[in-house]
Amino acid sequence: MSTTATRVYAARLVGLPIFDPQGDQVGKVRDLVVAIRSETSQPRVLGMVAEVFGRRRIFVPMTRVTHIDAGQVYTTGLLNMRRFEQRPTETLVIGQMLDRSVEIAPTGVRGLVYDVGMEQSRTQDWVLSRVAVQEPGKGLRRRHGQTHVVEWRDVLGLVAPEPTQGATHLIAALNEMRPADAASVLHDLPTERRNAVVAALDDERLADVLEELPDEDQVEVLGYLGSERAADVLEEMSADDAADLIADLPPEIAAKLLELMEPEEAEDVRRLMSYAEETAGAMMTPDPVVLGPDATIADALAQIRQAELPVSLAAMVYVCRQPLETPTGRLLGVAHFQRLLREPPSTLVAAALDQGMDPLHPQASIDEVAAHLATYNLVAAPVVDDAGRLLGAVTVDDLLDHMLPENWRDQPIGSDREEVDRG
């Protein structure tokens, strides 16, 4: 196996694309699987946990890895598509070793593991060789403590179970990932480890990640949070995702959380929950970009330029009479972002409207919504009531969430193509 890198650090591997010999991406690196025998013997790296289509996790043996560099991982292309299941003798570097409290034997210094390095031995096996440790912060401002990169054999505490493992450095790694990728990591963590991470994530980031988790995980995480914090996190979620989650809870818990939420946020959720399941009203987003007819093209572009706005909601703006909060005044039309880019910034947005597209009604079925988006080649469409007032917008990602099989992230794909040796 030829590689460019002779030493690679685990935290920098996470998220790297994995390619086959033809240069096609087959997945992303999510973790390393190692076999730890003792604190003095360098653990052998058995392989990588890779995420493939549908967030399915598979095992990629290191014998199938042909090349590693700073930006990608290449394999032989012969991969077993069976879902990865961790064995009792195996340890996950990212999931179980980061934030482990350890002692550097020669000096007695204690700290937390924030990264682990692997390199090839003379036998061409990959082994864990270095451990990056950070001392606790000092002083009132808790500045970051001193860091050390030491040999594996000089670190004590990585073999025995660590019941007080924290989450600081794993949180840092998760915060650099896209919410869907972070959710995938969180999904596969042991329960205690996941709870520690959930407790440490801030509400906004946890809301983003929660929206990407399978339904069962969402309910489990919400139950761990406690009512007060659960309500805070629900407020940070998009109203349609929050409504779907609350609908999965026992009625008494759902009612309590809605009471604890801010009245305005709770009202949006209650409104969405009032529509029948699998209809435009139930799946719509109540917070599209709404402007009045006196707004300019520059105003519209400034709104859709917001980094936190989902791509599907940034595809168009909705021009309405006052009030501009949903339910709005009468919908006058929509302006597609491509049309906005072709108009002078000082032009009124009302001059760029597409008035030839019929809006959806909240009772429209999921099939009618799909046909509507497909007919007009749209990624989003307005939903109006009988009076023509804008209630929200259905986006293509809302549609896919409801059209895909329940818990589609856990559905098997592909087939077993070969057995792998993890002994």
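Reader: Which residue in the turn of the β17 and β18 hairpin has a positive phi?

Author: First, the ground rules. This is a predicted model, where local features need pLDDT of at least 70, side-chain atom pairs count only at pLDDT 80 or more, and totals for chains, interfaces and linings use all residues. Residues are numbered from 1 along each chain as its sequence is written, and side-chain values use heavy atoms, with hydrogens and water left out. Helices (H or I, at least four residues) and strands (E, at least two) are DSSP runs, numbered from the N terminus. Now your hairpin: β17 and β18 have five residues between them, and glycine 388 in the turn has a positive phi of about 80°.

Reader: How many bridges pair strand β17 with β18, and in which sense?

Author: The general idea is that strands of a sheet pair through backbone hydrogen bonds, either parallel or antiparallel. Here, two strands count as paired if DSSP finds at least two bridges between them. Strand β17 (residues 380-384) and β18 pair over five bridges in the antiparallel sense. If you want one spot to look at, find alanine 381, which stands opposite valine 394 in β18.

Reader: How many residues of strand β18 are buried?

Author: "Buried" means under 20% relative accessible area, "exposed" means over 50%, and "partly exposed" is in between (1.4 Å probe, protein chains only). Six of the six residues of β18 (residues 390-395) are buried, so the rest of the structure largely encloses this strand. For the protein chain, buried residues make up 50% of the 423 residues.

Reader: What covers the picture for strand β5: which residues lie on one side and which on the other?

Author: In a regular strand, side chains alternate between the two faces of the sheet. On β5, one side carries Arg56, Ile58 and Val60, the other carries Arg57, Phe59 and Pro61, and all of these are buried. As for its neighbour, β4 and β5 run antiparallel and are joined by six bridges. Valine 52 has arginine 56 in β5 as its bridge partner.

Reader: What is the strand order in the open sheet of three strands?

Author: The order is β14-β15-β16, and the pairing is mixed. β14 (290-291) and β16 (331-336) stand at the edges with a single partner strand each, so one side of each has no neighbour in the sheet. Strand β15 (residues 316-320) runs antiparallel to β16, with five bridges joining them. One of the places to check is cysteine 320, whose bridge partner in β16 is leucine 331.

Reader: Where does proline 323 sit?

Author: Proline 323 is in the loop between β15 and β16.

Reader: Now charges. How many salt bridges does the structure hold?

Author: A salt bridge is a side-chain nitrogen of Lys or Arg within 4 Å of a carboxyl oxygen of Asp or Glu. The structure holds 15. One of them joins arginine 30 and glutamate 51 (3.0 Å, N to O). Arginine 30 lies in strand β3 (residues 25-35) and glutamate 51 in strand β4 (residues 44-52), so the pair ties together parts 21 residues apart in sequence. Arginine 30 and glutamate 51 are both buried.

Reader: Which residue forms a salt bridge with glutamate 343?

Author: Arginine 339 does, with the closest N and O atoms 2.8 Å apart. Glutamate 343 is partly exposed, at 22% relative accessible area, and arginine 339 is partly exposed at 27%. Elsewhere, salt bridges that share partners join Lys28, Arg30, Glu51 and Asp181 into one network.

Reader: Is glutamine 124 buried or partly exposed?

Author: Glutamine 124 is partly exposed, with a relative accessible area of 45%. Check its backbone as well: phi of glutamine 124 is positive, about 75°, although it is not a glycine. You'll find glutamine 124 in the loop between β10 (109-120) and β11 (126-134).
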